[in-house]
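Subject: Structure for your review

Dear colleague,

Please find the sequence and the structure below. My notes on the core, the aromatic contacts, the pockets and some backbone details follow.

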Amino acid sequence: MTAVDLVLRKFDGSPHRQVTGQLLGEDAYGTWLATPRGSVVSYHYGNRPTGLTRADAVRLIPAEGWWMAMCLAEPDARDMYCDVTTPAVWTGPAEITVVDLDIDLVRYRADGRVEVEDEDEFAEHRVSLGYPDEIVEGALHAVAELREALSHGKEPFADHYRKWLALAGRP
């Protein structure tokens with residue numbers, strides 16, 4: 001499998017987070033990357049050191065959209081974690097880059113509840129980093145779209161992701 005670096009930056013261009021996944025394939029929903037348990041994640045904020053993922057996951061980089069999704073296997077309490085981002089760009093032959101726009105949506109495995117996180121950070125960065133109106137509109141549209149899809153089990157968040165997730169832990 002081909003290794004692909006997934007690079008998240010902040011709006012000012014500063015590095016935020018990076019993980020290397022294995023390209024599983026593409027379909028109508030986008031590009032699927034496996035990040036098996038133990039994958040290295042580099043954090044570039046706060047005092048957070050480089051870490052290892054705790055569960056197998058697949059990441060969906062949508063063909064179109066202001067988000068990316070991480071579909072998680074057990075034992076993680078979450079089955080879905082979505083970052084609201086600018087649309088993904090292939091910035092190299094094996095590198096995808098997005099700008100993280102702070103807001104995240106999480107769906108919990110046990111009860112299916114969906115929570116929106118870090119809206120306060122988005123509001124703060126909207127001012128301090130000077131998000132243009134089109135960035136704000138894209139982000140807020142993505143939040144509404146994701147909340148609807150995650151809450152009502154719309155694909156690819158219902159069952160479609162499971163076939164890709166089954167491949168995440170395989171060598």
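In this predicted model, the largest nonpolar core holds 31 residues, and V84 and F157 are the members that touch the most others. At least two residues of this core come from each of β3, β6 (57-62), β7, β8 (78-85), β10 (95-108), α2 and α3. Helix α2 gives the most, with eight residues. In soluble globular proteins, nonpolar side chains tend to be buried together.

In one of them, W32 and W164, the ring centres are 5.5 Å apart and the planes lie at 5°, so the pair is stacked. Because W32 belongs to strand β3 (residues 30-35) and W164 to helix α3 (residues 160-168), the pair ties together parts that are 132 residues apart in sequence. W32 is buried, with a relative accessible area of 0%, and W164 is buried too, with a value of 9%.

The rings of W67 and F157 also have their centres 5.5 Å apart, but their planes are at 55°, so this pair is tilted. W67 lies in strand β7 (residues 67-72) and F157 in the loop between α2 (133-151) and α3; the two are 90 residues apart, and the pair links distant parts of the chain. Both W67 and F157 are buried. As noted above, F157 is one of the two residues that touch the most other members of the largest nonpolar core.

Elsewhere, F11, F122 and Y131 make up one aromatic cluster. A charged contact with a ring is found at Y108, where R113 lies over the face at 4.1 Å from the ring centre.

Pockets and cavity

The largest pocket has a volume of about 580 Å³. It is lined by 30 residues, of which R17, Y43, R48, M70 and R78 are the closest to its centre. Two or more lining residues come from each of β2 (15-27), β4 (40-43), β5 (51-52), β6, β7, β8 and β10. Strand β7 gives the most to this lining, with four residues. By class, the lining of the largest pocket comprises 12 nonpolar, five polar and 13 charged residues.

Of its 14 lining residues, I61, P62, A63, A88 and W90 are the closest to the centre. The elements that give two or more residues to this lining are β2, β3, β6 and β9 (89-92). Eight of the lining residues are nonpolar, three are polar and three are charged.

A search of the whole structure finds one cavity of 30 Å³ or more. The largest cavity holds about 30 Å³ of space and is lined by L8, R17, Q18, V19, V41 and R59. Strand β2 gives the most to the lining of this cavity, with three residues. By class, the cavity lining has three nonpolar residues, one polar and two charged.

Backbone details

Two cis peptide bonds deserve a look. The bond from E74 to P75 is cis, with omega near 20°, and P75 is placed in the loop between β7 and β8. The bond from E155 to P156 is likewise cis, with omega near 10°; P156 is found in the loop between α2 and α3.

Positive phi values occur at two aspartates. D102 has a phi of about 85° although it is not a glycine. D102 lies in strand β10 and is buried, with a relative accessible area of 2%. D118, also not a glycine, has a positive phi of about 65°. The place of D118 is in the loop between β11 (114-117) and α1 (119-128), and D118 is partly exposed, with a relative accessible area of 29%.

With kind regards

Note on methods: Residues are numbered from 1 along each chain as its sequence is written. This is a predicted model: local features need pLDDT of at least 70, side-chain atom pairs count only at pLDDT 80 or more; totals for chains, interfaces and linings use all residues. Side-chain values use heavy atoms; hydrogens and water are left out. Rings of Phe, Tyr and Trp (its six-membered ring) pair if their centres lie within 6.5 Å; planes under 30 degrees apart count as stacked, over 60 as edge-to-face and the rest as tilted. Buried means under 20% relative accessible area, exposed over 50%, partly exposed in between (1.4 Å probe, protein chains only). A charge sits over a ring if NZ of Lys or CZ of Arg is within 6 Å of the ring centre and within 35 degrees of the ring normal. A nonpolar core is a set of buried Ala, Val, Leu, Ile, Met, Phe, Trp, Tyr and Cys residues joined through side-chain atoms within 4.5 Å. On a 1 Å grid over the protein atoms alone, a cavity is a set of points where a 1.4 Å probe fits but cannot get out, and a pocket is an open set with protein on both sides within 12 Å along at least five of seven lines; lining residues have an atom within 4 Å of a point. Grid points are joined across faces, edges and corners, and a volume is the space filled by probe spheres set on the points. Ala, Val, Leu, Ile, Met, Phe, Trp, Tyr, Cys and Pro count as nonpolar, Asp, Glu, Lys and Arg as charged, and the others, Gly among them, as polar.
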